[in-house]
Amino acid sequence: MVADQLSRVFSALADPTRRDLVARLAVGDATVNELAAPYDVTLQAVSKHLKVLEDAGLVSRTRDAQRRPCHLEAEVLDLMTKWIERYRREAEERFGRLDTVLAGLRDEHGEDQPSKDDRTGAGR
Amino acid sequence: MSTSTTRNQTSIELGDTVPTVTITREFDAPVAHLFRAWTEGDLVARWLGPRSQTMHMERYDCTTGGAWRWWSSGEDGVEHHFYGSFHEVRRNDRIVQTFSYEGFPDSVSLETATFEDLGEGRSRVVTVSLVDSFEHRDAFVASGMEHGVVEGYEKLDELLGTL
């Protein structure tokens, strides 16, 4: 269930038009008509994209009678950013361990240049 | 909470038009050492696997046409198996390889690591993972955080509950 929600957010953002819609909604709320204007597609197609974003929790629509502007739920996007940041930190931890390995190689070679490397002797 | 201010920061970029993940990092080590740490299986085993998991290197023949296979296991006893082949290995310069996770067998990514000599005993590596779809790329990014992602899920649950 939870994984479903996560993948809905991810797959909602996998489409370039929907990412564009999100980017435009980040500037401010807009109606479907306003959002559809710059695209060479039908209003229905844009509505369909918005429905996907809505289902993923990325966009909400106010009940406000006719206008019903679309609103970006920025917190959901923030979560995405946090997930990416966490991924970055995982990589950072990995490279922190690599730093340790590299420090070990340096000690192994003393203060010599690493050109002592065996294989082809092409080291610098 | 604050982001790292160390000199050797890891940066990540997700492609907009192509499903890629690009990771860049500099090291206080000559490029030849960096390349060794990337190509010798016993050295790779010391840093590559996920934290809090034990890495088991089964095969690591980092040569053009070679192959690799390793698996990790955690305290929960769950094992994750990964494998791929080395398409091209160019000393101190470039490694092109494939990457597959057995839990997701139909998805294969192409990984290119480019090594750069920065002089003064420093070097840089840029890895680009080209995944076969945006969906898989994003799932890949999310799965990399599986140890902390439960918390994220819970927050998302709460958040989605309020919408």
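# A two-chain predicted model

B:T127 lies in strand β8 of chain B. This is a predicted model, in which local features need pLDDT of at least 70 and side-chain atom pairs count only at pLDDT 80 or more, while totals for chains, interfaces and linings use all residues. Residues are numbered from 1 along each chain as its sequence is written, and chains are lettered from A and ligands numbered from 1 in the order in which they are written.

## Starting from B:T127

How many other C-beta atoms lie within 10 Å of B:T127? There are 17, so B:T127 is partly exposed. The cut-offs are these: a residue is buried if 20 or more other C-beta atoms lie within 10 Å of its own, exposed if 12 or fewer, and partly exposed in between, with C-beta atoms placed from the backbone.

B:T127 touches B:I23, B:E111, B:T112 and B:A113, leaving aside residues up to four places away in sequence. Two residues are in contact if their C-beta atoms, placed from the backbone, lie within 7 Å. B:T127 and B:I12 are 115 residues apart in sequence. In space, their C-alpha atoms are 9.7 Å apart.

## The two chains

Helices (H or I, at least four residues) and strands (E, at least two) are DSSP runs, numbered from the N terminus. Chain A has 5 helices and 2 strands. Its pattern along the sequence is α-α-α-α-β-β-α. Chain B has 4 helices and 8 strands. From the N terminus, its elements run β-β-α-α-β-β-β-β-β-β-α-α.

Chain A has 124 residues, and 29% of them are buried. Chain B has 163 residues, and 25% of them count as buried. In chain A, 46% of the contacts between residues at least 6 apart in sequence join residues at least 24 apart. In chain B, residues 24 or more positions apart account for 31% of the contacts with a separation of 6 or more.

## The sheet of chain B

Strands of a sheet pair through backbone hydrogen bonds, either parallel or antiparallel. Here, two strands count as paired if DSSP finds at least two bridges between them. Chain B holds an open sheet of 8 strands with antiparallel pairing, in the order β1-β2-β8-β7-β6-β5-β4-β3. Which strands stand at the edges? They are β1 (11-14) and β3 (54-60) of chain B. Each has a single partner strand, so one side of each is left without a neighbour in the sheet. From one strand to the next, the twist averages 20 degrees.

| Strand pair | Bridges | Residues between strands |
|---|---|---|
| β6(B) (94-101) and β7(B) (108-119) | 7 bridges | 6 residues |
| β7(B) and β8(B) (122-130) | 9 bridges | 2 residues |

In the second, B:A113 has B:T127 as its bridge partner in β8(B). The turn between β7(B) and β8(B) includes B:E120, which has a positive phi of about 50 degrees.

Helices lie across these strands. For the angles, axes are lines fitted to C-alpha atoms, for helices over the stretch in contact, and angles run from 0 to 180 degrees between N-to-C directions. Helix α1 (residues 31-39) of chain B lies across β2, β5 (79-90), β6, β7 and β8 of chain B. It runs at about 155 degrees to β7(B). From the other chain, α5(A) lies across β1 and β2 of chain B, at about 140 degrees to β1(B).

## Helix α2 of chain A

Helix α2 of chain A spans residues 16-25, and its buried residues include A:R18, A:L21, A:V22 and A:L25. They cover an arc of only 100 degrees around the axis, which puts them on the same side of α2(A). The arc is that of the directions from the helix axis to the C-beta atoms. The face turned away from the buried side carries the exposed residues A:P16 and A:A23.

## The cores

A nonpolar core is a set of buried Ala, Val, Leu, Ile, Met, Phe, Trp, Tyr and Cys residues joined through C-beta atoms within 7 Å. The largest has 25 residues. A:V9, A:V22, A:L53, A:L58 and A:V59 have the most contacts inside it. Elements giving two or more residues to this core include α1 (2-12) and α4 (43-55) of chain A, together with β2 (20-27) of chain B. α5(A) gives the most, with 5 residues. Domain 1 (2-72) and domain 2 (76-111) of chain A both give residues to this core, so it lies between them. The domain bounds come from an automatic or database domain assignment.

A:V22 touches A:L13, A:L53, A:L58 and A:L72, not counting residues up to four places away in sequence. A second, separate core has 19 residues, among them B:A32, B:W38, B:F115 and B:V125.
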